[in-house]
Amino acid sequence: MRQAVAEEAARLLEEQGARDHTSARIKAAARLGVTNEKLLPRNDEIELALKARQRLFRTRTQPMALRSLREAAVAAMEFLRRFEPRLVGSVLDGTADMHSAVCLDVFHDDALEFIDHLLSQGVEFEQSERRVRYTNERTRPVPAFRFEAGGAAFEIRLFALDDLREAPLDRIRARPQKRAALGEVVRLLDG
């Protein structure tokens, strides 16, 4: 039953284009009539089911969408080079599809300088705040920016320069989040 819930949650994630594993897990369990929490899959199990689903049903479209998003990430990282950009999330781990945003972490001690950079280049953005978790006891808010460019959606979190040394926890696996610098992303495209 656990696998069936993971597969249904993966189907919901793919259809909705969102990556809210908790919501997908709850909806999948309700659709399948599962009430025992011990039978609910972990985020990493849902992620594996999503990858399997993409291999089965999206053998052409998902890799093309992923490549396009990685190309958009490279362009954005070059644009944001002075802010030490790192690619994170589904575009990095390979599960991104046409609904996914390019997620970048940038690093600079002056948020206003980052905002000025976006504004001076004519980038219209929405600003918000995201809570990031470093351990079960330690979380903190960081500025976040959302905009569209070149047909892709971007979500950017702004960290202090010192935060390059410690990545926040990945919300899927609860381990330090993987981050890729520009050169690594270029190699992903070439490989």
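Predicted model: local features only at pLDDT ≥ 70, side-chain atom pairs only at ≥ 80, totals over all residues.
**Entry 1: helix lengths**

In α4 the buried ones are Gln62, Ala65, Leu66, Leu69, Arg70, Ala72, Ala73, Val74, Ala76 and Met77. In α1 I noted Val5, Ala6, Glu8, Ala9, Ala10, Arg11, Leu12, Leu13 and Glu14 as buried.

How do the axes of α4 and α7 cross? For α4 (residues 61-79) and α7 (residues 182-190), I got axes that come within 10 Å and cross at roughly 155°. Angles over 145 degrees count as roughly antiparallel, and therefore α4 and α7 are roughly antiparallel to each other. The crossing is left-handed.

I also listed who meets whom. From α4 come Arg67, Arg70, Glu71, Val74, Met77 and Glu78, and from α7 come Leu182, Val185, Val186, Leu188 and Leu189. Sorted by class, this contact has 7 nonpolar residues, 4 charged and no polar ones.

**Entry 2: α1 against α2**

Next pair. The axes of α1 and α2 (residues 21-32) come within 8 Å and cross at roughly 125°. That angle makes α1 oblique to α2. I put this crossing down as right-handed.

On the α1 side, I found Ala4, Val5, Glu8, Ala9, Arg11, Leu12, Leu13 and Gln16 in the contact; on the α2 side, His21, Ala24, Arg25, Lys27, Ala28, Ala29, Arg31 and Leu32. The class count for α1 with α2 is 9 nonpolar, 2 polar and 5 charged residues.

**Entry 3: Arg25**

I picked Arg25 out of helix α2. Is Arg25 buried or exposed? Buried means under 20% relative accessible area, and Arg25 counts as buried because its relative accessibility is 13%.

Leaving out neighbours within four places in sequence, I see Arg25 in contact with Val5, Ala9, Leu40, Pro41, Arg42, Asn43 and Ile46. I also checked Arg25 against Leu13: they are 12 residues apart along the chain, with their C-alpha atoms separated by 9.4 Å.

**Entry 4: Val142**

Val142 sits in strand β4, residues 139-149. Its relative accessible area is 1%, so Val142 is buried.

Not counting residues up to four places away in sequence, Val142 touches Ser128, Glu129, Arg130, Val132, Arg157, Leu158 and Phe159. I looked up the spacing to Leu158 too: 16 residues apart in sequence, but 6.1 Å apart in space, C-alpha to C-alpha.

**Entry 5: Glu84**

Last stop. Most residues other than glycine have a negative phi. Glu84 is not a glycine, yet I read a positive phi of about 50° for it.

Where does Glu84 lie? I traced Glu84 to the loop between α4 and β1 (86-88). With a relative accessible area of 33%, I logged Glu84 as partly exposed.

Definitions and conventions: Residues numbered from 1 in each chain as written. Heavy atoms only, no water. Buried < 20%, exposed > 50% of the residue type's maximum accessible area, 1.4 Å probe, protein only. Helix = DSSP H or I, 4+ residues; strand = E, 2+ residues; numbered from the N terminus. Axes fitted to C-alpha atoms, helices over the stretch in contact; angles between N-to-C directions. Parallel < 35°, antiparallel > 145°, perpendicular 65-115°, else oblique. Left-handed = near helix turned anticlockwise from the far one by under 90°. Contact = heavy atoms within 4.5 Å. Nonpolar A, V, L, I, M, F, W, Y, C, P; charged D, E, K, R; others polar.
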